[in-house]
Amino acid sequence: MKNLIFSALTLLLLTGLTQPVGPIYQVISQHPHDVTELNPYIETVSEEGRLWLVRLKSEAPAKVMKNLRLVGNEKLSSRLIDSEKRSPRASISKTTELVEIENLKADVTALSSYKTRAAGTEDNKRAVTWVQERLNTLGYRTQQICYRTGVCSVIADQPGASETGVLLVLAHLDSVGRDFAGADDNASGTASLLEMARVLAGKNLRHNLRFFVTNGEENGLLGAKHYAQQLSASGEIRQIKLALNMDMVGYNSNGIIELETNAAFEDLANEVAQLVHSHTTLKPKITLGAWGSDHVPFLEKNVPTLLTIEDWSTKTPCYHASCDKPDTLNYEYAGEITKLNIATVLMKDGI
Ligand SMILES: [Zn+2]
């Protein structure tokens, strides 16, 4: 018995000694390959939604450390926002009701019919042209903006009636390049952007409405970084009153939408969470601690910015894999996120 107690104590002590101590890091890439490389070096401190905090068990090589961000004093959290469902505002819902699920399905299918949408490929260029023509047809003034020769994003503008501010809606069109895949990541966000553009075309808004279909997101947010830098250099960045990013809005089974930003814009996330309650069938989860998509360059320039994304705890099992195909998506869910983002634009416009 005495031996047993002794052993138990030794075991407890040893376990205690092997517990990692030291700084906490946030994981800022969850590409399956990066996670496999990361796992041997870390112990999870907490994981909720998109927010994954870890400690190091042992010294890790540079290729692992580049996917970790040292946590400082900033507020990081991820939590469901409980609230009573509220009745929608008629002035907003008469517009959100125009969203057609069939349009989302058709556009995800069309975008996934390119063999690849990896930035810089011929198919990627064709997809960019296809998106630009769609936005032209809807009556927007469009242009391509290229961060490298032949690798371009699309910008589409609808002038506002009175204000000089810009409401920016963005989604990336490129994929990691698996054949005929990238339906959720991110044909879903691009299709949702196109449906927003259709519903809001010709609507008399106070703000300039701008759609930004980005390229090279999967290569390091290249299109978004380039454009945010350009806006910053010209001073136009101060005109951007809202940047609303849609990335992976098509796979879900629990009815939760994640709203991600940094602590500085928690109020914006709270406002949008109220719209989730009043204008959709979904439940909002707010995550503070932005990483890994095109909202980040705008947050770094201090623009009020939000990412809308499927609940990361139950994200597509086909993330960055060749099975990310149109028939795996939940189009009703993507439709609810499209309605939410229309409601957000209208709220910010003062409707
Ligand atoms: Zn993506």
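A polar atom of the arginine 55 side chain lies 2.9 Å from the backbone oxygen of glycine 22. The structure is a predicted model. Arginine 55 belongs to strand E3, which spans residues 51–56. Its relative accessible area is 26%, so arginine 55 is partly exposed. Threonine 44 is eleven residues away from arginine 55 along the chain. The C-alpha atoms of these two residues are 6.5 Å apart.

Helix H7 covers residues 183–200, and helix H11 covers residues 331–349. The two helices pack at an angle of about 50°. Their axes are 10 Å apart. Because angles of 35 to 65 degrees fall between roughly parallel and roughly perpendicular, H7 is oblique to H11. The crossing of the two helices is right-handed. On the H7 side, the contact is made by Ser192, Glu195, Met196, Val199 and Leu200. H11 contributes Ala334, Thr338, Asn341, Ile342, Val345 and Leu346. Of the residues in this contact, seven are nonpolar, three are polar and one is charged.

Helix H11 also holds glutamate 336. The relative accessibility of glutamate 336 is 11%; the residue therefore counts as buried, the cut-off being under 20%. The side chain of glutamate 336 forms a polar contact of 3.2 Å with the side chain of lysine 339. Leaving aside residues up to four places away in sequence, glutamate 336 touches His279, Thr280, Thr281 and Leu282.

Methods:
Residues are numbered from 1 along each chain as its sequence is written. This is a predicted model: local features need pLDDT of at least 70, side-chain atom pairs count only at pLDDT 80 or more; totals for chains, interfaces and linings use all residues. Side-chain values use heavy atoms; hydrogens and water are left out. Axes are lines fitted to C-alpha atoms, for helices over the stretch in contact, and angles run from 0 to 180 degrees between N-to-C directions. Helices (H or I, at least four residues) and strands (E, at least two) are DSSP runs, numbered from the N terminus. Angles under 35 degrees count as roughly parallel, over 145 as roughly antiparallel, 65 to 115 as roughly perpendicular and the rest as oblique. A crossing is left-handed if the near helix is turned anticlockwise from the far one by less than a right angle, and right-handed if clockwise. Contact means heavy atoms within 4.5 Å. Ala, Val, Leu, Ile, Met, Phe, Trp, Tyr, Cys and Pro count as nonpolar, Asp, Glu, Lys and Arg as charged, and the others, Gly among them, as polar. Buried means under 20% relative accessible area, exposed over 50%, partly exposed in between (1.4 Å probe, protein chains only). A polar contact is a pair of N or O atoms within 3.5 Å; within protein, one must be able to donate a hydrogen and the other to accept it, and residues adjacent in sequence count only if both atoms are side-chain atoms.
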